[in-house]
Amino acid sequence: MRIKILLLTFLALSIQAAVKQPNILFLFTDDHALNALSAYGGPLAKIAPTPCLDRIANEGMLFKHCLVSNSICAPSRAVILTGKYSHLNGQLTNREVFDGSQQTVSKLLQKAGYQTAIVGKWHLKSTPTGFDHFEVLKGQGQYYNPMLITNGKNVKHTGYTTDIITDQSLKWLKQRDAKKPFFLMTQHKAPHGRWEPALRHLNTFEKVKIPEPPTLFDYYSGRSAASANHKMGIAEDMGPNRLMFRYSSKFTPEQFKIFDGHFRPRNEAFEKLNLQGRDRTRWNYQRYIKNYLRCVKAVDENVGRMLKYLDENALAKNTVIIYSSDQGFWLGEHGWFDKRWMYEESLHTPLLIRWPGRVKPGSINANLVSNLDFAQTFLDIAGAVQPSDMQGRSITPILQGHTPENWRKTHYYHYYEAGGHGVPLHYGVTDGRYKLIRFPDSKLDTWEFFDLKTDPQELKSRYTDKDYIQKINALKEELTRLRSQYKVVE
Ligand code: CA
C-alpha cells in the first residue's frame with residue numbers, strides 16, 4: 001500500500017514537472033471602487049483614467065460581476081485565503097484575529113511546488129502562514145514611511161507606501177529561485193482611507209470639478225430604516241483626518257513641508273468661506289474624491305511598474321495576473337463613503353485577469369463570480385488539487401471562454417460587523433437582476449427587495465409591491481437553500 005502511494009506521488013510530481021506551472025501574481029488593493037477603474041467605463045473614466053490597470057483588462061478578461069461575500073477588509077482577505085465563507089473561516093469582522101493554523105491557498109500552493117510571498121497590507125493580525133516570505137504592514141499601516149513586518153522583524157521604510165510595496169515586491173521577485181514557479185500577493189493599502197496622496201500627485205485634478213453622483217443628496221425615503229441610520233455620510237461623518245485637516249502619517253520634515261504646504265493654505269481659504277449645508281457637502285465630496293483618485297493614480301502607476309518588470313524579464317507569458325480589491329466602495333453615491341452594504345457599489349469588486357495564451361484579450365464576462373472563487377482558481381491554475389471543503393469554484397473554464405452550464409445563478413452575501421459606520425447585520429441573495437436583503441436585527445427586523453433593471457441605483461425597495469410577490473418568494477426559497485448549502489449558522 002505504502003509503495004503504491006509513493007508511486008502515485010512520484011507520478012503526480014512527474015506530471016506536475018512536465019507541465020510548466022504558471023506564476024501567479026495577485027495584485028490587490030483595498031477599497032477600490034469599480035467607478036474609479038477606467039476599464040469599467042464609469043462616470044469618472046475620462047477624468048481619472050487608469051491606463052496600466054486597463055492594460056490588464058485589454059490583454060485579458062474583465063469581470064463585470066465579481067461579488068464579495070462580506071464587504072469589509074479583513075473578512076474579504078480571509079475568504080480569499082481560505083475559499084470559505086466568513087462563518088467557516090472565523091473572520092466575521094475586522095475584530096477577530098485570523099486563525100492561521102487552518103488550511104489556506106498559500107499553504108496548498110507551497111505543497112504544489114510554489115514559492116510564496118506576500119508584500120503589503122495583511123490586516124489579519126496573526127502572523128502570516130504559508131508564505132516563504134512575508135513583508136506586511138502592521139494593521140492598517142500608513143501612507144508615508146511605513147513599517148513592514150519582514151519575516152517577523154520590524155523594518156522601517158522612508159517614502160510613499162504604494163511605491164514601497166512595489167519596490168519590495170520587485171526586490172523579492174529578483175532574488176527568488178527562478179527554477180520554481182511563484183505565487184506573489186502584492187497588496188496595497190491604497191486607496192483605503194485616510195487618503196493621503198503621493199507628493200507627486202498633490203496637484204493632480206486640482207483644476208477639475210469632479211462630477212457629483214446623482215444620489216449625493218439622498219434622503220433614503222423608499223427603503224427600510226436601515227440605510228437612513230448610516231454613519232458614512234460625506235456631509236457629516238468624514239472627520240478631520242479624512243478631509244486632510246489633520247494628517248494620519250508621520251512625515252519626514254521634507255515631506256511635511258510639501259504636503260502641508262499644499263493643504264494648509266487651501267484649508268485656510270476654505271475656513272474663511274464658512275460653507276454650510278449642501279455647499280459644505282459638495283466641498284467635502286470634492287476634497288474626498290480628488291484625494292481618493294490621487295491614491296488610485298499611484299496604484300495604477302505601480303501596477304505599470306510590475307507589468308514592465310514582467311515584460312523586461314521574459315515573465316509576462318508564463319505569469320497569470322489577477323487584479324482585484326477586497327471590496328468595492330462608495331464614491332458619494334447615496335451620500336456615502338465606505339463599504340459594508342449589500343447594495344451594488346460595495347457588493348461589487350473589480351476583477352481583471354490576464355493569462356496569455358488562455359484568455360482572449362479584451363474579453364468581458366458577465367457571470368456571477370466571487371472572491372470566494374479565488375483560492376480554487378489559483379489552485380486550478382497551478383494544477384493542484386482543490387480541497388472539497390472549499391466553497392467556491394475555479395473560474396478557469398470561464399477564463400478560457402467556457403462557462404459551465406451549472407455555474408452559479410445566485411450569490412449569497414452576509415455582513416456581520418453590526419454597527420460599523422451605522423450598518424446593521426444583514427444577509428441576502430441576488431441573481432444579478434433581483435436582490436433580496438434581510439436585516440434580522442430585532443429592533444429593525446426588516447427586508448428589502450430591489451429590481452436592478454428598473455432601479456439600478458436601488459432607490460426603491462419593492463418588498464411590499466404585490467407585482468413582485470412570486471419573485472420575492474422564489475428568492476426567499478433560494479436564500480434558505482444557499483444558507484443550507486454554505487452551512488450558515490445563526
Ligand atoms: Ca477594504
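**Note on salt bridges, a pocket and aromatic pairs**

1. Let me start with K435 and E344, which are both buried (buried is under 20% relative accessible area, exposed over 50% and partly exposed in between, with a 1.4 Å probe and protein chains only). Their side chains meet in a salt bridge, 2.8 Å from N to O (a side-chain nitrogen of Lys or Arg within 4 Å of a carboxyl oxygen of Asp or Glu).

2. A word on the ground rules. This is a predicted model, in which local features need pLDDT of at least 70 and side-chain atom pairs count only at pLDDT 80 or more, while totals for chains, interfaces and linings use all residues. Residues are numbered from 1 along each chain as its sequence is written, and side-chain values use heavy atoms, leaving out hydrogens and water.

3. E417 and R340 form another salt bridge, with 3.2 Å between the closest N and O atoms. This pair also links distant parts of the chain, 77 residues apart: E417 sits in the loop between strand 13 (411-415) and strand 14 (426-430), and R340 in the loop between strand 9 (319-325) and helix 11 (344-347). Both E417 and R340 are buried.

4. Over the whole structure, the search finds 29 salt bridges. One of them joins the side chains of D311 and R55 at 3.0 Å, N to O. D311 belongs to helix 10 (residues 277-312) and R55 to helix 2 (residues 51-58), so this pair ties together parts that are 256 residues apart in sequence. D311 is partly exposed at 37% relative accessibility, and R55 is partly exposed at 26%.

5. The largest pocket holds about 630 Å³ of space (an open set of points on a 1 Å grid where a 1.4 Å probe fits, with protein on both sides within 12 Å along at least five of seven lines; lining residues have an atom within 4 Å of a point). It has 28 lining residues, and L34, N35, P43, E344 and E345 are the closest to its centre. The lining divides into 14 nonpolar, eight polar and six charged residues. Domain 1 (23-196 + 286-410) and domain 2 (414-485) both contribute to the lining, so the largest pocket lies between them.

6. Now the aromatic side chains. Rings of Phe, Tyr and Trp (its six-membered ring) pair if their centres lie within 6.5 Å; planes under 30 degrees apart are stacked, over 60 edge-to-face, the rest tilted. By this rule there are 43 aromatic pairs. W122 and F131 make an edge-to-face pair, 6.2 Å centre to centre with 90° between the planes. W122 is buried at 5% relative accessibility, and F131 is buried with a relative accessible area of 9%.

7. Y143 and Y160, by contrast, are stacked, with 6.0 Å between centres and 20° between planes. Y143 is buried at 1% relative accessibility, and Y160 is buried with a relative accessible area of 5%. Both belong to one aromatic cluster, made up of Y143, Y144, Y160, Y247, F251, F256, F259 and F263.

Definitions and conventions
Helices (H or I, at least four residues) and strands (E, at least two) are DSSP runs, numbered from the N terminus. Grid points are joined across faces, edges and corners, and a volume is the space filled by probe spheres set on the points. Ala, Val, Leu, Ile, Met, Phe, Trp, Tyr, Cys and Pro count as nonpolar, Asp, Glu, Lys and Arg as charged, and the others, Gly among them, as polar. Domain bounds come from an automatic or database domain assignment.
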